[in-house]
Amino acid sequence: MLSYVEALIPVTPGIPGIKLGLANLAVVLCLYLYGGHAALMVNVARVVLSSFLFGNMYVVLYSLAGALVSFGAMVWARRQGCYSAIGVSVWGGVCHNIGQLAVAMAVVRTVQVVYYLPWLMMAGCLTGILIGFLSTEVMKHVRVYDRQGGGCGGGQSGS
């Protein structure tokens, strides 16, 4: 659903492949609230479904590479214990772009695409901050709801 909402938002920074990454909000929240295994399932399902609904076979390839590299980085950063949700999300945003860039170099068979790296790193940091901030805010409300007797164990954590 977040991928669909993002498709409706007319954000075009002029650099191919840069998006807000709103669907990553579900992955970050799942990582913090339910752990790594559940977050991995959500991440893969998100990529496959959104790629088939809004993209093509190349989108699956790029998105899956970015999502898996990003996920590994976020799990690593979360386990370090010294990063907030914003820091974990920034790691994810930056590494997502690195994963996609690696696939782009393999597909087009040139390292010239590496010139996108500074722009992609900046975009990964900015979108990571946004998603991390939103995650932090949502988790505050989920935990308040859980303490009031509602919810289904949203206060669990793990990796």
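## Cysteines

Searching the whole structure turns up zero disulfides, a disulfide being a pair of cysteine sulfur atoms within 2.5 Å. This is a predicted model, where local features need pLDDT of at least 70 and side-chain atom pairs count only at pLDDT 80 or more, while totals for chains, interfaces and linings use all residues. Residues are numbered from 1 along each chain as its sequence is written, and side-chain values use heavy atoms, with hydrogens and water left out.

As for the cysteines themselves, Cys95 sits at 12% relative accessibility and counts as buried, whereas Cys125 comes in at 32% and is partly exposed. Buried here means under 20% relative accessible area, exposed means over 50%, and partly exposed is in between (1.4 Å probe, protein chains only).

## Overall fold

The chain has six helices and zero strands, so along the sequence you simply read α-α-α-α-α-α. Helices (H or I, at least four residues) and strands (E, at least two) are DSSP runs, numbered from the N terminus.

Of the chain's 159 residues, 40% count as buried. Take the contacts with a separation of 6 or more: 64% of them join residues 24 or more positions apart. Contact just means heavy atoms within 4.5 Å.

## Asn43, inside H3

Asn43 belongs to helix H3, which spans residues 36–54. With 2% relative accessibility, Asn43 is buried. Its side chain makes a polar contact with the side chain of Arg46 at 2.8 Å. For a polar contact you need a pair of N or O atoms within 3.5 Å; within protein, one must be able to donate a hydrogen and the other to accept it, and residues adjacent in sequence count only if both atoms are side-chain atoms.

Setting aside neighbours within four places in sequence, Asn43 touches Val27, Ala67 and Phe71.

## The surface and its nonpolar patch

Accessible areas come from the Shrake-Rupley method with a 1.4 Å probe; for residues, only the protein chains shown count as cover.

Leu40, Val44, Val48, Phe52, Met57 and Leu68 make a nonpolar patch of about 530 Å². Nonpolar side chains (Val, Leu, Ile, Met, Phe, Trp, Tyr) are joined within 5 Å, like charges within 9 Å.

H3 and helix H4 (57–80) each supply at least two residues of the patch, and H3 gives the largest share, four residues.

Technical notes
Patches are made of residues with over 30% relative accessible area and no salt bridge: like charges are joined within 9 Å, nonpolar side chains (Val, Leu, Ile, Met, Phe, Trp, Tyr) within 5 Å. A salt bridge is a side-chain nitrogen of Lys or Arg within 4 Å of a carboxyl oxygen of Asp or Glu.
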